[in-house]
Amino acid sequence: MPISRIAVGTPAEFSHPGAVKAALAEFISMLIFVFAGEGSGMAFNKLTNNGSATPAGLIAAALAHAFALFVAVSVGANISGGHVNPAVTFGAFVGGHITLLRSVLYWIAQCLGSVVACLLLKFSTGGLETSGFALSAGVGAWNAVVLEIVMTFGLVYTVYATAVDPKKGCIGTIAPIAIGFIVGANILAGGAFDGASMNPAVSFGPAVVSWSWANHWVYWVGPFVGAAIAAVVYELFFIGEATHEQLPTTEY
């Protein structure tokens, strides 16, 4: 079972050159992703007088996030594995592909990358607000938690199928675009209800810069639960003990 491979790691990982480089790669990838994704929403609001909540705005957000994540995963894949998401990192930890301490290092880097991206956006746009994630009218916190669980399950399941599975073969070459596409599709499905985060760091940056924390816990609990379920399901049913091959820490 994947839980049998869970490892805490050693404090030395925090100063190991490979781990530090991986964390830096996660920071840069997250900065790229959030700057493009959050920036697209800000630009659309400016051009359409706060029209990001319209169908056209939703499509624009989905495309921007899909393209940006494709690039962010690609540029980090050979260094950190291109997680670009604390939930993906948690899923890799549950599956025994990364230690807890290295996961913490990734989480710090990912959250810092998101905050820095939002600060840069606020400064470079003359003080425009980086809008935080919020629930739509009629959508309760637990409704949003379930939505985030389902969407993040799809995302992390895709990560496992295209990037983690040792049997992936040549399908691994399309992992970044597949990951970007599932995020874009999920934004189209859930964006009108809770913003479709699937990524705690993406929610964290705007929350810090705008200092808006309403229902923020939803965007941590939902993605982490969805990621854990996806990791356990894929490990148990599609990798298993007989076919599992431990991946290097530079991958998932």
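This is a predicted model: local features need pLDDT of at least 70, side-chain atom pairs count only at pLDDT 80 or more; totals for chains, interfaces and linings use all residues.
Trainee: How do you know whether the radius of gyration agrees with a compact globule?

Mentor: A compact globule with 252 residues would have a radius of gyration near 18 Å, and because the protein has 17 Å, the value agrees with that expectation. Along its principal axes, the C-alpha trace spans about 55 × 35 × 35 Å.

Trainee: What pattern does the protein follow along the sequence, and how many helices and strands stand behind it?

Mentor: The protein has eight helices and zero strands, so the pattern, with helices being DSSP runs of at least four residues, reads α-α-α-α-α-α-α-α.

Trainee: What makes a set of residues a nonpolar core, and which residues touch the most other members of the largest one?

Mentor: Such a core is a set of buried residues of nonpolar kinds, Phe and Ile among them, joined through side-chain atoms within 4.5 Å. The largest one here has 52 residues, of which Phe-33 and Ile-187 touch the most other members. Each of the helices from H1 (17-48) to H8 (218-243) supplies at least two residues of this core.

Trainee: Which residues is Ile-187 in contact with, once its neighbours within four places in sequence are left aside?

Mentor: Contact asks for heavy atoms within 4.5 Å, and Ile-187 is in contact with Leu-58, Ala-61, Ala-62, His-65, Ala-196 and Met-198.

Key:
Residues are numbered from 1 along each chain as its sequence is written. Side-chain values use heavy atoms; hydrogens and water are left out. The radius of gyration is taken over C-alpha atoms; the globule rule is 2.2 Å times the number of residues to the power 0.38. Buried means under 20% relative accessible area, exposed over 50%, partly exposed in between (1.4 Å probe, protein chains only).
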